[in-house]
Protein chains: 2
Amino acid sequence: MREIATAGVETELQRYFAAARLRASDYGDHYVALWDCLEQASTGGKRVRPAMVLAAYAGFGGRDLALVTPVAVSFELLHTAFLIHDDVIDRDLARRGIANIAGRFSDRALAHGAESGQAGAWAVTASILAGDLALSEAHRILARLPVEAGRRMRLLDLLDRAVFVSAAGELADVTNAARPQPLGVAEVLATLEQKTAVYSFEAPLQAGAVLSGATDAAIDVLGRFGRLVGVAFQLTDDILGVFGDPARTGKSVVADLREGKQTALIAHAGATTAWPAIAPYIGKADLSAPEADVVRDHIRACGALQAVGDLARDHAAKAVEALDTPLIPAQLRGTLTTLAGSAVNRFR
Amino acid sequence: MREIATAGVETELQRYFAAARLRASDYGDHYVALWDCLEQASTGGKRVRPAMVLAAYAGFGGRDLALVTPVAVSFELLHTAFLIHDDVIDRDLARRGIANIAGRFSDRALAHGAESGQAGAWAVTASILAGDLALSEAHRILARLPVEAGRRMRLLDLLDRAVFVSAAGELADVTNAARPQPLGVAEVLATLEQKTAVYSFEAPLQAGAVLSGATDAAIDVLGRFGRLVGVAFQLTDDILGVFGDPARTGKSVVADLREGKQTALIAHAGATTAWPAIAPYIGKADLSAPEADVVRDHIRACGALQAVGDLARDHAAKAVEALDTPLIPAQLRGTLTTLAGSAVNRFR
């Protein structure tokens with residue numbers, strides 16, 4: 001069932017992009033290229049959000065793949081839209097090691113004889129529009145879902161909350177960067193929950209459950225689980241972003257430090273006597289590998305690494321505890337418990 | 001009826017923003033400020049799109065203000081979203097003479113001790129998020145509309161087309177700017193139709209008609225009228241952007257020239273022998289008032305001003321002709337004929 005369901009998401013996405021490309025061809029090559037870029041932006045991820053939708057739906061006895069697949073696709077496109085607009089905010093030209101929409105449209109502009117300033121405009125324009133198109137389709141899919149009004153309203157409310165809270169988290173992430181002092185750990189946790197956990201875990205899990213006709217009480221439990229496990233994932237990501245093995249995670253271990261990202265590690269270290277020794281390196285754009293090692297030693301020695309690891313495990317454990325109720329069917333509890341374990345036991 | 005309907009749109013928007021601000025207050029002052037900015041961005045316009053929805057709805061006998069008002073609001077928020085994201089693309093910090101979201105969040109960043117680079121990030125982040133929130137609400141309103149599925153699907157399809165075609169037009173607008181030669185007039189017209197006419201006139205008119213239960217044939221007529229009148233408005237705007245009276249239009253008469261905007265005036269002039277004398281001034285960032293006068297003289301002398309004026313009047317006349325069918329109730333025909341006239345008879 002799981003493999004069939006995931007394959008259905010891929011098929012549905014491919015069909016959507018093929019139709020959009022055809023439709024775009026009436027408006028010229030650049031617009032077709034934009035849709036190619038949007039499809040590329042939506043591939044290569046782990047399909048975490050569709051997996052949440054599908055797991056919750058099947059977990060409460062849902063069996064109609066034709067009904068649940070579009071909902072899974074909707075949350076994946078929401079994710080795509082957020083990533084694309086996030087890249088505009090961060091001025092990134094690449095994601096997952098390859099040129100993103102901005103990078104590709106910047107190259108495209110230069111190939112068409114544009115000046116570098118114009119190339120920047122092509123990049124921003126294409127990225128903003130692609131995000132808008134993906135966001136629009138995420139909404140449209142739920143709006144068209146053939147379910148009765150009450151259920152559709154609840155799904156729409158979940159999507160609305162996902163958009164509203166993620167925007168709050170994204171804004172907090174950017175405004176926090178201007179703070180001269182490290183954030184408190186509680187602030188970091190709140191931002192992680194808002195920016196990522198709600199739209200990536202809480203909302204997709206609850207959407208699958210709503211579609212399956214689960215009880216309100218069960219849906220509440222999934223929400224709590226989703227927020228906790230989402231934060232556990234993000235805390236682990238923050239650890240891997242400094243202490244991971246790039247060969248296995250595919251993630252730089254200096255980028256977060258160079259950027260001065262306000263992670264839980266920094267928040268914890270910021271409240272210790274080690275901070276004056278760490279602070280000069282945080283946000284240092286040309287941080288060297290030996291300097292990064294110095295920072296790592298301090299973060300380890302002051303107890304921040306241990307504390308944040310504990311915090312991640314604590315969140316994962318609380319997430320699993322939340323499932324300990326007859327409201328959650330045993331098989332779903334098993335799936336989600338495994339998920340919570342994987343949140344904190346990833347390769348370093 | 002008209003005044004009551006328009007007042008209803010204002011009330012609905014105010015209610016929406018008040019609720020959003022309250023909800024945002026759980027996420028800190030910056031997020032409340034973002035919603036303030038979004039509300040400001042949605043005010044001060046002429047409510048053209050709501051007026052189209054309301055006119056078509058009432059024109060076909062619709063009388064349920066509680067039903068049509070949200071549809072009018074949806075198209076207004078779509079417009080707000082496009083304006084906001086347009087400003088990011090154009091890197092503008094003001095609109096209608098006052099600081100826009102980017103301008104206000106840039107100031108806000110500096111007041112919170114951010115560096116200028118960070119202030120730019122606040123500006124872009126706030127603008128992108130605000131546009132996403134407005135776009136999301138535009139979709140959500142139609143998705144929640146209490147009408148039967150068939151009618152909702154048709155409204156959703158109109159919104160979908162509006163988003164899809166506007167994105168194509170916006171992209172074309174930016175990619176066209178890199179072209180070394182002036183565009184042809186036909187290309188300029190196609191871009192105007194895509195970027196503005198479809199979402200501002202065609203779609204809102206058709207949405208009002210769909211909601212009112214008009215026939216497919218009548219809805220097609222409104223679509224044709226909307227595209228033609230939308231282009232007539234834009235052509236007139238392009239003329240006013242070079243030959244208007246800033247004191248009456250509130251519009252600069254050098255900005256388009258300095259920016260090198262690819263208007264129908266430039267397209268027409270570009271195909272005449274006057275072009276070599278005009279070209280050096282188009283896109284000249286520091287174009288002086290006397291230089292602008294030189295350009296105006298050339299554009300007038302080569303026949304471009306007359307030709308584009310004729311083109312605008314021709315579009316308006318064709319729009320009125322399209323209405324000459326018993327499919328369109330007499331009163332609606334009167335309203336729309338007046339609209340078409342106002343498209344081309346605006347103060348210079």
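This note sets out points on the arrangement of the chains, their interface and the domains of chain A.

1. Basis of the note. The structure is a predicted model, in which local features need pLDDT of at least 70 and side-chain atom pairs count only at pLDDT 80 or more, while totals for chains, interfaces and linings use all residues. Residues are numbered from 1 along each chain as its sequence is written, chains are lettered from A and ligands numbered from 1 in the order in which they are written, and side-chain values use heavy atoms, with hydrogens and water left out.

2. Symmetry. Two copies of a chain are related by a rotation about an axis and a shift along it.

3. Extent of the chain interface. Contact (heavy atoms within 4.5 Å) joins 50 residues of chain B to 51 residues of chain A. The two chains bury about 4,800 Å² between them, 67% of it on carbon and sulfur atoms; buried area is the accessible area (1.4 Å probe) that two parts lose on being put together, summed over both. On the chain B side, B:Y27, B:F164 and B:L171 lose the most area to chain A, together 15% of what that side buries. Because 100% of the interface residues of chain B are also interface residues in chain A, the copies meet through the same surface.

4. Eight salt bridges are found between chain B and chain A, each a side-chain nitrogen of Lys or Arg within 4 Å of a carboxyl oxygen of Asp or Glu. One salt bridge links the side chains of B:D157 and A:R144 (3.8 Å, N to O).

5. Domains of chain A. The domain assignment, which is automatic or from a database, divides chain A into domain 1 (1-145) and domain 2 (147-348). Their C-alpha centres lie 23 Å apart. In all, 27 residues of domain 1 of chain A are in contact with 31 residues of domain 2 of chain A. The area buried between these domains is about 2,500 Å², with carbon and sulfur atoms giving 77%. In domain 1 of chain A, the residues losing the most area to domain 2 of chain A are A:M52, A:F60 and A:F75, together 27% of what that side buries. The count of salt bridges between the two domains is zero.

6. Cysteines. Over all chains there are zero disulfides, a disulfide being a pair of cysteine sulfur atoms within 2.5 Å. A:C302 is buried at 19% relative accessible area, and B:C302 also counts as buried at 19%; buried means under 20% (1.4 Å probe, protein chains only).

Methods. Buried means under 20% relative accessible area, exposed over 50%, partly exposed in between (1.4 Å probe, protein chains only).
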